[in-house]
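This report looks at how two chains meet, then at one of them as a whole, and finally at a single residue. The model to which it refers is predicted.

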Amino acid sequence: MFSFTKKQEILDISGIQIGGQPGLHPTVLFGGVFFKGKPDFDQAETHIQKMLSLSKKTGNPAIPDFFIRKEEYIEDIIHFITQVLPSNHPFSIDITDPAIKIKTLEHLHVKNLLPRTIYNSIHIGITDEERQALKQHTPEMVIIVAFNPKDTSPDGKIEVLENGAHLTNSGLLDIAHKLNIKKTLVDTAALAPGENSGASIAAIPVIKEEYGLPTGCAIHNVVEKSLWLNDMDAARKTVDAGSNINIPLFGGDFAIFGPVENADLVFPLIAWQDILISEYTENYFGISPTETHPRRKLFK
Amino acid sequence: MEHEYYPWGGDFTVCSQRACVAVVLLQIEYTPPSRVAIYGPLKTENIGIEKIAANVISNPHIRYLIVCGDDIRGHRSGSSLVALHKNGIDEQHKIIDAPGAIPYIENLKHEAIERFREQVEVVDMIGVTDKTKITTVIDSYIRKSPPSFGEPYIAIRIKPVARIQLDDKRALHSKIVMDYLGKVKRRGQ
């Protein structure tokens with residue numbers, strides 16, 4: 001359990017605060033809303049409502065992370081977002097294809113949703129067209145993924161943030177700055193077992209001490225790629241949820257925890273972990289948790 | 001080691017060691033016949049492709065790489081693999097003309113990439129999901145029965161050189177240190 005010397009930035013999106021010294025704010029939890037083929041909004045709504053109620057109970061902010069795979073679904077998914085989430089609730093969009101990213105930004109602009117949008121994500125594959133679109137329709141907050149295919153260590157992750165590791169013309173932080181993006185989160189890019197998977201966790205305190213920015217990752221992806229767990233169903237689910245405790249334990253601020261369906265396991269687990277951390281950091285570093293922290297909500 | 005070949009490991013199934021066909025599956029639930037050498041899914045356009053190239057050249061009997069199924073949106077891993085074979089990489093280690101989001105080959109030497117390009121012919125069946133058709137094509141290449149390419153090539157993974165040698169093994173990282181309570185600060189501060 002850590003405390004950082006570097007001043008830690010606390011970023012706000014629609015009233016949800018991310019970042020700061022460990023133990024101050026509850027860990028923010030991003031739950032993935034995936035659609036296989038044509039979106040099944042009824043099922044997604046049930047899972048999102050469940051996540052929001054767990055968030056209310058524990059105090060850990062919930063951010064639904066919407067995957068958009070096809071252009072034809074953009075409008076429907078955005079309409080769903082406006083219907084299913086409480087007004088002003090933030091959300092993130094997770095899109096791989098740059099062309100779909102650009103179209104989605106246009107739609108979010110038209111619907112006036114950019115102030116609630118967390119753009120997931122900017123990485124070394126950013127195209128010129130994507131830069132233009134981000135300049136024109138700038139989301140409130142952006143996740144920068146510090147993936148460096150050359151060097152998967154924390155140093156390599158810092159290299160892409162700092163100077164682009166010769167893969168982009170400047171560092172990813174500089175790119176975000178030039179696009180006038182004011183609020184950036186850093187995702188330390190969790191990789192598969194055998195690919196330095198532990199580095200994404202080790203990089204959290206390094207990046208927080210280096211830049212003071214809110215930092216986290218999707219560590220559960222490592223579990224998804226641990227094929228040896230395939231024939232141990234019950235354990236696999238536990239390990240998947242449990243992997244997320246590494247993030248707050250190493251001082252991180254947010255966890256992209258995988259399918260929203262897993263919220264019932266992940267929220268209590270992280271709330272428990274946040275309480276554990278808060279007790280120590282308040283005792284030794286004088287960091288009092290905020291009113292919405294699980295320690296205040298659950299431990300009377 | 002579990003297999004004589006395929007030192008880079010990964011998510012794959014090994015079948016006939018001396019067969020000439022390897023099959024790359026893109027978002028398709030399909031089990032190729034056991035007459036092939038190896039098959040498995042491809043997901044990422046960087047590390048995934050590196051593993052395929054490194055594993056394929058470790059088995060000189062593999063002369064055809066059949067890439068089938070639907071390419072992954074955004075990542076375009078299958079098309080990036082085809083581009084690697086066709087064009088190689090540029091000075092920045094980017095696969096030339098690859099359509100994927102982050103198509104960089106950083107852990108394989110040029111020599112290994114060239115060996116991959118020479119050893120195998122890539123059969124581009126991206127977009128084909130008809131299993132019978134895929135099996136027919138696989139069999140047609142197996143029947144060609146080409147000779148082995150020669151000696152196995154065991155690609156060494158390029159490792160970044162450690163930047164700083166630390167005497168203090170208690171440190172978390174070369175950039176930061178932590179006192180016994182858990183206070184983190186920059187090294188040297």
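## Pairing across the chains

## The wider contact

The contact draws on 30 residues of chain A and 26 residues of chain B. On the side of chain A that touches chain B, at least two residues each come from strand 1 (3-4), helix 5 (154-162) and helix 7 (199-211), and helix 7 of chain A provides the largest share, with 5 residues. By residue class, this side of chain A comprises 13 nonpolar, 9 polar and 8 charged residues.

## Chain B as a whole

Chain B contains 4 helices and 7 strands, which follow one another from the N terminus in the order β-β-β-α-β-α-α-β-α-β-β. Its C-alpha trace spans about 65 × 35 × 35 Å along the principal axes, and of the 189 residues in chain B, 44% are buried. Among contacts in chain B between residues at least 6 apart in sequence, 67% link residues at least 24 apart.

## The setting of A:Asn120

A:Asn120 lies in strand 7 of chain A, which covers residues 117-122. This residue counts as buried because 27 other C-beta atoms lie within 10 Å, where the cut-off is 20 or more. Apart from neighbours within four places in sequence, A:Asn120 is in contact with A:Asp65, A:Ser92, A:Ile93, A:Asp94 and A:Ile143. The C-alpha atom of A:Val84, 36 residues away along the chain, is separated from that of A:Asn120 by 20 Å.

How values were computed. Residues numbered from 1 in each chain as written. Chains lettered and ligands numbered in written order. Predicted model: local features only at pLDDT ≥ 70, side-chain atom pairs only at ≥ 80, totals over all residues. Buried ≥ 20, exposed ≤ 12 C-beta atoms within 10 Å, placed from the backbone. Contact = placed C-beta atoms within 7 Å. Nonpolar A, V, L, I, M, F, W, Y, C, P; charged D, E, K, R; others polar.
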